[in-house]
Amino acid sequence: MIDAGLRAGCDISLGFPHHGAETAADHLRAVADYMDREGFATEMYLGGPMVAALEAKIAGLLGKPAAMWCPTGTMAQGIAARIHAARTGRNRIQLHPTSHLELHEEQGYHFAHGLDATLIGEWSSPLAADDLQPGAACAFIELPQRHNGGALPVWGALDAIKVRGQALNLPMHLDGARIWSTRPFYDDRSYGEICEGFASVYVSLYKDIGAAGGAVLAGDADFIAEARLWLARFGGRIISPAPMVPDALRLLDRRLELMPALVKRARNLAAALTGIEGVTVTPDPPQVNMFHLRLPCDASTAERARDDAARQTGVWLGNRFWDLEDAPVCALEITAGEYLLGLPDARLVDAVTVLAGHVAAAIRPGQTKPE
């Protein structure tokens, strides 16, 4: 439970959104100004030049023939799964245990799309080639894996995943919600190189880009033509693309240019936090612009410690803690956006030190979880 008053009273806040404390009204004014400058007018049912421009831009970045804007990532990925199922005649998809589809979408792949899932791989590790199994409609590969602190397979391992998928005649879908921050880890290979070998790719436009919302699904032309039918069937062909689509066009280039600096900022901050007793950085060093701070307690204990740290330091460290599979261990997600670029390490180190101290005080010597 978040104490909204406590959070608002902090002069530093690391929770979402990650690019600053711009008000909703200011955000809308910025979008309106951008539309005026670019000469964009009202569009209806996703059929105008704004949507076409964004789809073409994303398709080009990802190295795919076609792309489709979608109001949400949940809708985009569900559509991808059911198209692969129809094409293969199979109704089972393969997911990592930490997949967004499994943990955060109320099993929509089953109840909305009539599919079943097999969980493959280990919770605490990125998927590997040997985890893939034959006989599925498709396998979802998340790059980076959020619940592992943004962990990625090394390039050789990613290539092996693609090779095995092809050998198994297993379509590969890339859950690229946060793919925008992966290029530095992959030696600045292009997004097209990273996405090569995936039959379909989903990217988010709000998580790291910071747009008002929206997602894009990319693939071959026939795949996207079929996806547009399902977009309409699921109510995604909304009457107006504003403010989400023009906002994505406004922010995409700017935020992509910042990504190397954001990854570097995450690594530098992580290095400053690694010496604090009672917390563990994972991955160490971070591989993208996010990482996890692991704490030896459950999420409710960590939330109380966060609130104590906020009262003492004026720093709000995050909105939520993830309970992990090896409870009682939880993780605080730290994401480097534009906002973090301008913050001093010292204030953040102080806040995490207080957080860790309160967690330690809640656990008696010899215990593995708080009373």
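The protein splits into domain 1 (4-21 + 254-361) and domain 2 (40-241). Keep in mind that this is a predicted model.

Q: How far apart do the C-alpha centres of domain 1 and domain 2 lie?
A: They lie 28 Å apart. The contact between them draws on 23 residues from domain 1 and 24 residues from domain 2.

Q: What area do domain 1 and domain 2 bury between them?
A: About 1,900 Å², with 62% of it on carbon and sulfur atoms.

Q: What makes the pairing of glutamate 333 with arginine 146 a salt bridge?
A: The cut-off is 4 Å between a side-chain nitrogen of Lys or Arg and a carboxyl oxygen of Asp or Glu. For glutamate 333 and arginine 146 the closest N and O atoms are 2.7 Å apart, so the pair passes. The count between domain 1 and domain 2 is one salt bridge, along with seven residue pairs in polar contact.

Q: Which helix gives the most to the side of domain 1 that touches domain 2?
A: That's H10, with six residues. Among the elements that each supply at least two residues there are helix H10 (244-273) and strand E13 (330-335).

Q: How many salt bridges does the structure hold?
A: There are 14. One of them joins the side chains of aspartate 11 and arginine 347, at 2.8 Å from N to O.

Q: What makes aspartate 11 and arginine 347 a link between distant parts of the chain?
A: They sit 336 residues apart. Aspartate 11 is in the loop between helix H1 (4-8) and strand E1 (12-13), while arginine 347 belongs to helix H13 (residues 345-362).

Q: What separates arginine 29 and aspartate 26 in helix H2?
A: About one helical turn, because they are three residues apart in H2 (residues 24-38). In an α-helix, residues three or four places apart point the same way. The side chains of arginine 29 and aspartate 26 meet in a salt bridge of 2.7 Å, N to O.

Q: Why are arginine 29 and aspartate 26 called partly exposed?
A: Arginine 29 has a relative accessible area of 48% and aspartate 26 has 35%. Both values lie between 20% and 50%, so both residues are partly exposed.

Q: Arginine 306 and aspartate 307 form a salt bridge too, so what makes these residues buried?
A: Buried means under 20%. Arginine 306 comes out at 0% and aspartate 307 at 12%, so both are buried. Their closest N and O atoms are 3.1 Å apart. Elsewhere, salt bridges that share partners join Arg254, Arg255 and Glu338 into one network.

Methods
Residues are numbered from 1 along each chain as its sequence is written. This is a predicted model: local features need pLDDT of at least 70, side-chain atom pairs count only at pLDDT 80 or more; totals for chains, interfaces and linings use all residues. Side-chain values use heavy atoms; hydrogens and water are left out. Helices (H or I, at least four residues) and strands (E, at least two) are DSSP runs, numbered from the N terminus. Buried means under 20% relative accessible area, exposed over 50%, partly exposed in between (1.4 Å probe, protein chains only). Domain bounds come from an automatic or database domain assignment. Contact means heavy atoms within 4.5 Å. Buried area is the accessible area (1.4 Å probe) that two parts lose on being put together, summed over both. A polar contact is a pair of N or O atoms within 3.5 Å; within protein, one must be able to donate a hydrogen and the other to accept it, and residues adjacent in sequence count only if both atoms are side-chain atoms.
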